[in-house]
Amino acid sequence: MDIYKSKVGRVCEPMKTDFIQHEFEAPAKGKVLIKVVASAICGSDLHIFKGKHPSVSLPSTIGHEFSGDVAAVGEGVTKVKVGERVTVEPCIVCGKCDACRHGDYGYCENISFTYRNGDGAMADYVLVDADYVYTLPDYLTYETGALIEPMSVATHAVRRADIRLGETVLVIGAGAIGMLVAAICRKNGAGEVIVADFSDARLDMAKQLGATMTINSGKQDLEAEISRLTNGKGVDKSFECVGLQATFLQAMMTLKRNGTATVIGIFENPQITIPASRFVTHEIHVQGAQGYCWDFPIALKLAREIDLSKLVTHTFPLDDLQTALETCLDRNSGSIKVILKP
Ligand SMILES: [Zn+2]
Ligand SMILES: [Zn+2]
């Protein structure tokens, strides 16, 4: 019988990684074994690396943004063939709860993610259910294919925000998700897409991806600037892509009356203080967005027109996982998306 040896990267304690060995046998019925070619570091991996992810304890395998080649398929798998280039939607849902039975699997009562079950993609091989495997179209490389997962997160957030033609949108935080949200809002017909961040380099890249205006919130007062740009009205929609009290406040206080803020950032300190009366006086809406639900097929199509390769700033061999994670946390590295290659 074929045995597939896999080196699997973990965060063993805060700020420290190690590798464990895992042996896969030929995949069981309905399963697909993927030889990983490109695996990107996500902001959530960094929260785990710091030991500060609100729902992940250490040690934990990491990595859920990846692409590769199908190495073997189990009985009954017809969706993909051995050798095909693929990416994976890395969630695990029960299929039995009310949400799943309604097709709203993003709200599954028992939702988990492959990396939390030990199937992290900072590894040579990953075993997944065939239903969650997607063939990469020709216009995607392994590197850009690995970014379909964050692209799906951004797609999900923009769909929830229900962007209308000509609307003015503010995106706070020009990390990968913020930039993708900005790019997708523009494709979705937003008239003005304003991106705010502390880094001029990131703001430059946001412009290349579709932002119509940028604001360096380290140099300018964001709320005052938005008020000036919108004649005191505020923006139609805002996106919080950072996860801090200050940026949450900006996202709600820059909204026009009846505007909607969508919060995507992960809060390492979730207890924040906000002026609750604003909800009443301005009838604003603040909603969250997490993960995806039927967003992968849309993201795969949108990626034809958004140059995801611009986001890839660093590539490391898998053995350099520790250095790669440290590079992501280093503000001076200029990193946006860092990719590991087994
Ligand atoms: Zn991710
Ligand atoms: Zn379920």
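**View 1. Surroundings of Ile-34.** Leaving out residues up to four places away in sequence, Ile-34 touches Gly-68, Asp-69, Val-70, Ala-71, Val-86, Val-88, Tyr-125, Val-126 and Val-128. Contact means that C-beta atoms, placed from the backbone, lie within 7 Å. This is a predicted model: local features need pLDDT of at least 70, side-chain atom pairs count only at pLDDT 80 or more, and totals for chains, interfaces and linings use all residues. Residues are numbered from 1 along each chain as its sequence is written, with chains lettered from A and ligands numbered from 1 in the order in which they are written.

**View 2. The largest nonpolar core.** The core has 104 residues. Ile-34, Val-171, Met-179, Val-181, Ala-182 and Val-195 have the most contacts inside it. Helix H5 (residues 176-187) gives the largest share, nine residues. Domain 1 (3-147 + 303-341) and domain 2 (153-288) both contribute, so the core lies between them. A nonpolar core is a set of buried Ala, Val, Leu, Ile, Met, Phe, Trp, Tyr and Cys residues joined through C-beta atoms within 7 Å. Buried means 20 or more other C-beta atoms within 10 Å of the residue's own, again placed from the backbone.

View 3. The centres of domain 1 and domain 2, taken over C-alpha atoms, are 28 Å apart. Twelve residues from domain 1 and twelve residues from domain 2 form the contact. On the domain 1 side, helix H1 (residues 43-49) supplies the largest share, three residues. Domain bounds come from an automatic or database domain assignment.

**View 4. Helix H4.** H4 (residues 148-161) has 14 residues and reaches 20 Å from first C-alpha to last, close to the 20 Å expected (1.5 Å times one less than its number of residues). Twelve of the 14 residues are buried, so H4 is largely enclosed by the rest of the structure. Among them are Glu-149 and His-156. Just after H4, Asp-162 takes a positive phi of about 50°. Helices (H or I, at least four residues) and strands (E, at least two) are DSSP runs, numbered from the N terminus.

**View 5. The six-stranded open sheet.** The strand order is E13-E12-E11-E14-E15-E16, with parallel pairing (at least two DSSP bridges between strands). E13 (213-216) and E16 (285-288) are the edge strands; each has a single partner, so one side of each lacks a neighbour in the sheet. E11 (residues 168-172) and E14 (residues 235-240) pair over four bridges. Val-171 stands opposite Phe-239 in E14.

Methods:
Two residues are in contact if their C-beta atoms, placed from the backbone, lie within 7 Å.
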